[in-house]
Amino acid sequence: MVIVNDLKPGMTFEYGNDILTVINVDHNKTAMRQMIIKVKVKNVRTGVINEMSFTGGDKVELAHIEKKEMQYLYDDGTNLVFMDTNTYDQVEIDKTRLEWEMQFLKVNDNVFISMYGEEILGVILPDKVELQITECEQAVKGDTATSATKNAVLETGLEIKVPLFIQNGEMVIISTLDGKYSGRA
């Protein structure tokens, strides 16, 4: 148990049946009144962001989120299969839970899987990944009046905008936060 006065951004705690990660904490103390602590939290299971109010001295149970390194093996049609690199145990995660992450995963990539006990919460991607361009529009000479980018499709199927000098087959670095081009690999 931890007192809510001691909560810091990044900490994870249980509240009811939810697992919440602290985004921001605001302490409000006025004269002749108990401290009110407003905590902005993100539900780890659903991704919903809420603001909660606690009275100073309230206690919550800390949740221990484990991160295991796993290797992405294959897509079986409905699930993505990952293997623990130490024990060789395999886990399956429903594709509908990983729609964003699938755009950055290649077979044999190592990622971290976040777990709470035996429950799999999700995949933690690196900040940037290297992917190959499979389709790319041709740049037209002098075509810089509006924007100096063109459409490209990556090996995972993700469609992005890249600078005019990028060609088919090149490796590029993509940000997993927003899915945008970050540079050449």
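Helices (H or I, at least four residues) and strands (E, at least two) are DSSP runs, numbered from the N terminus. The structure described here is a predicted model, in which local features need pLDDT of at least 70, side-chain atom pairs count only at pLDDT 80 or more, and totals for chains, interfaces and linings use all residues. Residues are numbered from 1 along each chain as its sequence is written, and side-chain values use heavy atoms, with hydrogens and water left out.

Tyr88 lies in the loop between β8 and β9 (90-94). Its phi is positive, at about 65°, although Tyr88 is not a glycine. Tyr88 is exposed, with a relative accessible area of 58%; the classes are buried for under 20% relative accessible area, exposed for over 50% and partly exposed in between (1.4 Å probe, protein chains only). A positive phi, of about 75°, is also found at Asn108, again not a glycine. Asn108 belongs to the loop between α1 (99-102) and β10 (110-116) and is partly exposed, at 48% relative accessible area.

Strand β8 (residues 79-84) contains Asp84, which is buried with a relative accessible area of 6%. The side chain of Asp84 makes a polar contact with that of Thr87 at 3.5 Å. A polar contact is a pair of N or O atoms within 3.5 Å; within protein, one must be able to donate a hydrogen and the other to accept it, and residues adjacent in sequence count only if both atoms are side-chain atoms. Apart from neighbours within four places in sequence, Asp84 is in contact (heavy atoms within 4.5 Å) with Lys68, Glu69, Met70 and Asp89.

Strands β7 and β8 run antiparallel and are joined by 5 bridges; two strands count as paired if DSSP finds at least two bridges between them. Gln71 has Met83 in β8 as its bridge partner. The two strands form a hairpin with 3 residues between them, and Gly77 in the turn has a positive phi of about 110°. Strand β7 (residues 66-75) also pairs with β10, in the antiparallel sense over 6 bridges. Here Lys67 is bridged to Ser114 in β10.

Ile120 is located in strand β11 and counts as buried, at 15% relative accessibility. Leaving aside neighbours within four places in sequence, the contacts of Ile120 are Val91, Ile93, Arg97, Ile113, Ser114 and Met115. Ile120 and Ile65 are 55 residues apart along the chain, and their C-alpha atoms are separated by 9.8 Å.

An open sheet of 5 strands, with antiparallel pairing, has the order β14-β13-β12-β15-β16. Its edge strands, β14 (159-163) and β16 (181-184), each pair on one side only. Within this sheet, β12 (residues 128-136) and β13 (residues 149-154) pair over 3 bridges, and Glu135 stands opposite Val153 in β13.

The largest pocket is lined by 21 residues, of which Thr21, Lys42, Val44, Ser114 and Leu121 are the closest to its centre. On a 1 Å grid over the protein atoms alone, a pocket is an open set of points where a 1.4 Å probe fits, with protein on both sides within 12 Å along at least five of seven lines; lining residues have an atom within 4 Å of a point. Strands β3 (18-28), β4 (36-43) and β11 (119-124) each supply at least two residues of the lining. The most, 4 residues, come from β11.
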